[in-house]
Amino acid sequence: MYKQDFRSTIIVNATAAHSSGALSILKQFITNIPKGSEELYYIFTNPEIKLTTDSKYVEFIPIDTNRWHKRIIWDALGIKKWIKRNHLKPSLIISLQNTGVNLNKSIPQLIYYHQLLPLSNHSWNIKKKDEFILFVYKHFYSLFVSLYKHEKTHFVVQIPSTKKAFLEKFNVSENHIHVIPPEVPSITLNNIDKITFGDNKIHFIYPATLFVYKNHQILLQALHILKTEDYATFEKIKIHFTINKDDLAPFNNHDEIEEAICFEGTIPFKQLIAYYHSMNALLFPSYIESFGLPLLEAANTGIPIIASDLPYVHDVVGEYSGTTYVDYKDAYAWANAIKTACYSNERFKSFTYPTEKGNWKNFFDLVEKLKINNHVSI
């Protein structure tokens, strides 16, 4: 049995945070809970994730919502029953997974929103295997954002262009959407040696999983163009993908350009930084991103960046002098940009994201502002 005492109680819903960006956000959240805070934090987590904290005021409660129906039931009914059963009266609900929960509308909710699919104008074909889940995500999140938001719901997004898109999609007051960037660790190259590839090739890297919107296809098309129209440049190129060879099976004719591709699979962070340090440029053709962390990682090392000419790129590295913008749909433009980068070894002044644009202190200042002092029943 959990006990409510004189401290305010904050409920944190993070059952879906089990990998990649969502898990990073959860870990950063836990690390940045203000020292000396005496709020009671009950954090609902995925049972497969092991988390630790030094705070005696933080309790992790594992809840299995790995299947869609389990998450829907938990958000709609389960969390309410758990809170009532344990006689708690929360002063704030925090969701780190894009959607709110079904509780008394007198209780403020603060939702960390980082799912861009519902905000995109792209349509996904439900009949295609690699697009079905994108279709589900787009409509699932749209539905449940609308269903559980109320007058005391606030949202945190990572960049200004997401705020703009969110306002266009959902009926939310502008002053209820707060732009707070994620924590971006500074990269030092002091102990990172450059990699000697020893093949007289010009190396590029695109660190991304193989979702459709990551747009690997445009780079494959660019390579086909170079092979057909400028073989002398094509034979110099090596693009490193952080995927496995079998992942490209759905794409047609990739075997014809495979000599220009290096399949890395998942690589450790330190090795990724060594790659940034050693290559001619980062390629980043993705057309849906909540932030685009590799952009900042690469800018921090000073290498050229060739990226989609989209608002999220301008938000993140628009102030970095090494960024080249390319229409994400134009394979010829990508081919030309890659070709130009082949004949330049320029490096730029290291760029870090301005801390005045926000950090976790801003988030917890917002927590303090939103929480209610008089506890209410669910």
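Before two helices can be compared, their axes need a meaning: an axis is a line fitted to C-alpha atoms, for helices over the stretch in contact, and the angle between N-to-C directions runs from 0 to 180 degrees. The structure is a predicted model, in which local features need pLDDT of at least 70 and side-chain atom pairs count only at pLDDT 80 or more, while totals for chains, interfaces and linings use all residues. Residues are numbered from 1 along each chain as its sequence is written, and side-chain values use heavy atoms, with hydrogens and water left out.

Helices H2 and H3 pack with their axes 13 Å apart and at an angle of about 5 degrees, which makes H2 roughly parallel to H3 (angles under 35 degrees count as roughly parallel, over 145 as roughly antiparallel, 65 to 115 as roughly perpendicular and the rest as oblique). Helices here are DSSP runs of H or I with at least four residues, strands are runs of E with at least two, and both are numbered from the N terminus. Where the two helices meet, H2 brings Trp 68, Arg 71, Ile 72, Asp 75 and Ala 76, and H3 brings residues including Ile 133, Val 136, Tyr 137 and Phe 140; contact means heavy atoms within 4.5 Å.

Trp 68, in helix H2, also belongs to a nonpolar surface patch of about 400 Å², together with Ile 72, Ile 126, Phe 132 and Ile 133. Patches are made of residues with over 30% relative accessible area and no salt bridge, like charges being joined within 9 Å and nonpolar side chains (Val, Leu, Ile, Met, Phe, Trp, Tyr) within 5 Å. The accessible areas come from the Shrake-Rupley method with a 1.4 Å probe, and for residues only the protein chains shown count as cover. Helix H2 (68–85) and helix H3 (129–148) each supply at least two residues of this patch. Trp 68 itself is partly exposed, with a relative accessible area of 31%, where buried means under 20%, exposed over 50% and partly exposed in between (1.4 Å probe, protein chains only).

Other parts of the model are well covered. In helix H7 (residues 269–278), seven of the 10 residues are buried, among them Leu 272, Ile 273 and Tyr 275, and their cover includes strand E8 (202–206), strand E9 (237–241), strand E11 (281–284) and helix H8 (293–301). Val 317, placed in helix H9 (residues 311–317), counts as buried at 0% relative accessibility. Leaving aside neighbours within four places in sequence, Val 317 is in contact with Leu 295, Leu 296, Ala 299, Ile 305, Thr 323, Tyr 325 and Phe 351.

Charged side chains form another kind of link, the salt bridge, defined as a side-chain nitrogen of Lys or Arg within 4 Å of a carboxyl oxygen of Asp or Glu, and by this rule the count comes to 11. Glu 168 and Lys 164, whose closest N and O atoms are 2.8 Å apart, both lie in helix H4 (residues 160–169), four residues apart, about one turn of the helix. Both are exposed, Glu 168 at 61% and Lys 164 at 53% relative accessibility. Lys 339 and Asp 230 also meet in a salt bridge, at 2.9 Å from N to O. Lys 339 lies in helix H10 (residues 331–342) and Asp 230 in the loop between helix H5 (216–229) and helix H6 (231–234), so this pair ties together parts that are 109 residues apart in sequence. Lys 339 counts as partly exposed at 34% relative accessibility, whereas Asp 230 counts as buried at 17%.
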